[in-house]
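Here are my notes for you, point by point. Keep the viewer open and click along as you read.

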Amino acid sequence: MEQYIDLHIHSCYSDGVHRPADLVAMAAGRGMKAIAIADHDSVEGIDEAVAAGLRSGVEVVPAVEFSVAYKHYRDIHLLGYFIEYKDCELERKLAEFRRRRDERARAIIDRINARLARENKSAITYEDICCIARNCISRLHIAETLVRNGAAANVQDAFKMYLIPYDVPKQYFPLEEALDEIRRLNGVSVLAHPPSISNDRNLMRSLILGWKKSGLDGIEVFNNLCFKDDMIFYESLAREQGMLMTGGSDFHGFEDDVEIGIGRGGLSVAYHLLHIMKDAAGKKGAVA
Ligand code: AMP
Ligand code: MN
Ligand code: MN
Ligand code: MN
């Protein structure tokens with residue numbers, strides 16, 4: 001019988017709702033064989049998830065999700081799997097990305113408060129956001145705060161009305177440096193949810209071929225932004241190029257329509273893909 005995995009889950013150590021141990025329990029309840037906690041700019045949830053996984057028989061793959069930039073492209077998401085996540089240099093870099101996120105959040109809050117004042121709505125504070133964010137502040141936390149204080153009906157509205165118009169750029173990891181970092185940590189690198197960059201397939205193909213030359217190992221073929229035809233496209237591209245294929249729900253815990261393992265309902269990622277990734281990671285010197 002084929003067993004299923006979900007290699008893209010967020011915990012409360014970035015913009016997810018649930019604790020790592022609770023995510024593992026949820027995955028176990030769904031009969032998942034393996035998951036990856038892939039927090040934005042943080043590896044702090046991994047130890048807790050690994051410990052919970054050992055208790056419940058769910059394999060936990062250490063991972064991280066970087067926000068990277070390439071030429072004029074901003075906020076490309078790059079996943080690193082099987083990374084040596086206790087590395088001091090990695091921790092120093094992540095801490096700096098989180099510090100920059102903190103500064104950015106304060107700037108976004110100021111811009112949004114100016115708009116809220118014009119609308120005669122009550123202001124939000126940095127402290128409000130810190131009540132729900134640990135130490136990796138994301139726009140999702142600001143959106144959630146806007147919902148809580150009544151300025152927006154839901155997270156989607158908050159993004160449309162406030163977070164998108166009043167965004168301040170994050171600090172992005174230059175793509176080549178991020179690929180080098182994942183390689184230095186003996187991990188495998190995977191491009192997350194490719195349709196977030198463009199739906200132009202010729203463009204995506206040439207970008208991915210170029211990034212492969214810089215060390216990109218795989219493509220997140222199975223994800224919530226891919227329609228079935230996109231998945232077929234990215235699967236055939238991965239096969240043609242001998243690249244890894246992964247998949248995951250990008251579960252944060254606040255979405256009404258996304259669940260671990262199955263995403264919006266149709267996701268099914270086979271364990272054997274993880275097997276192939278492990279072989280690739282093993283070749284680079286890392287073993288799960
Ligand atoms: P940040 O990394 O701070 O820019 O926040 C981006 C995060 O916000 C993403 O990882 C998603 O979790 C979430 N997000 C981005 N755009 C939207 C949107 N339109 N609706 C809901 N959540 C979003
Ligand atoms: Mn997120
Ligand atoms: Mn992402
Ligand atoms: Mn994600």
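1. Let's begin with S198, which is buried at a relative accessible area of 16%; "buried" means under 20%, "exposed" means over 50%, and "partly exposed" is in between, using a 1.4 Å probe and protein chains only. Look for S198 in the loop between β6 (188–191) and α8 (201–213). The names come from DSSP runs numbered from the N terminus: helices are H or I with at least four residues, strands are E with at least two. Leaving out residues up to four places away in sequence, S198 touches L203, M204 and Y234, where contact means heavy atoms within 4.5 Å. A polar atom of the S198 side chain also sits 2.8 Å from the backbone nitrogen of D200.

2. Before you go on, some housekeeping: this is a predicted model, where local features need pLDDT of at least 70 and side-chain atom pairs count only at pLDDT 80 or more, while totals for chains, interfaces and linings use all residues. Residues are numbered from 1 along each chain as its sequence is written, chains are lettered from A and ligands numbered from 1 in the order in which they are written, and side-chain values use heavy atoms, with hydrogens and water left out.

3. Next, the manganese ion (ligand 3). Which protein atoms hold it? Its protein donors are E65 (OE), H77 (ND1) and H193 (NE2), at 2.1 to 2.2 Å. Donors here are N, O and S atoms within 2.8 Å of the metal (3.2 Å for Na, K and Ca), and water is not among the atoms, so sites may look incomplete. E65 lies in strand β3 (residues 59–70) and H77 in strand β4 (residues 73–81), so this pair ties together parts twelve residues apart in sequence. Along the chain, the donors of ligand 3 follow the spacing E-x11-H-x115-H.

4. H10, in the loop between β1 (4–9) and α1 (20–29), and E65, in strand β3, are 55 residues apart, and the pair links distant parts of the chain. Both H10 and E65 are buried.

5. Now to ligand 1. Among the residues surrounding it are D15, H40, R101, R104, S138, R139, Q156, K170 and H252; a residue is near a molecule if one of its heavy atoms lies within 4 Å of it. A polar atom of Q156 lies 3.1 Å from a nitrogen atom of ligand 1, an N or O atom of K170 is 2.8 Å from an oxygen atom of ligand 1, and a polar atom of H252 is 2.9 Å from an oxygen atom of ligand 1. The protein covers 81% of the 500 Å² of accessible area that ligand 1 has on its own (Shrake-Rupley method, 1.4 Å probe; for residues, only the protein chains shown count as cover).

6. Over to E48, in helix α2 (residues 46–56). Is E48 buried or partly exposed? E48 is partly exposed, at 22% relative accessible area. The side chains of E48 and R19 are joined by a polar contact of 2.3 Å, meaning a pair of N or O atoms within 3.5 Å; within protein, one must be able to donate a hydrogen and the other to accept it, and residues adjacent in sequence count only if both atoms are side-chain atoms. Not counting residues up to four places away in sequence, E48 touches Y13, R19, P20 and A21.
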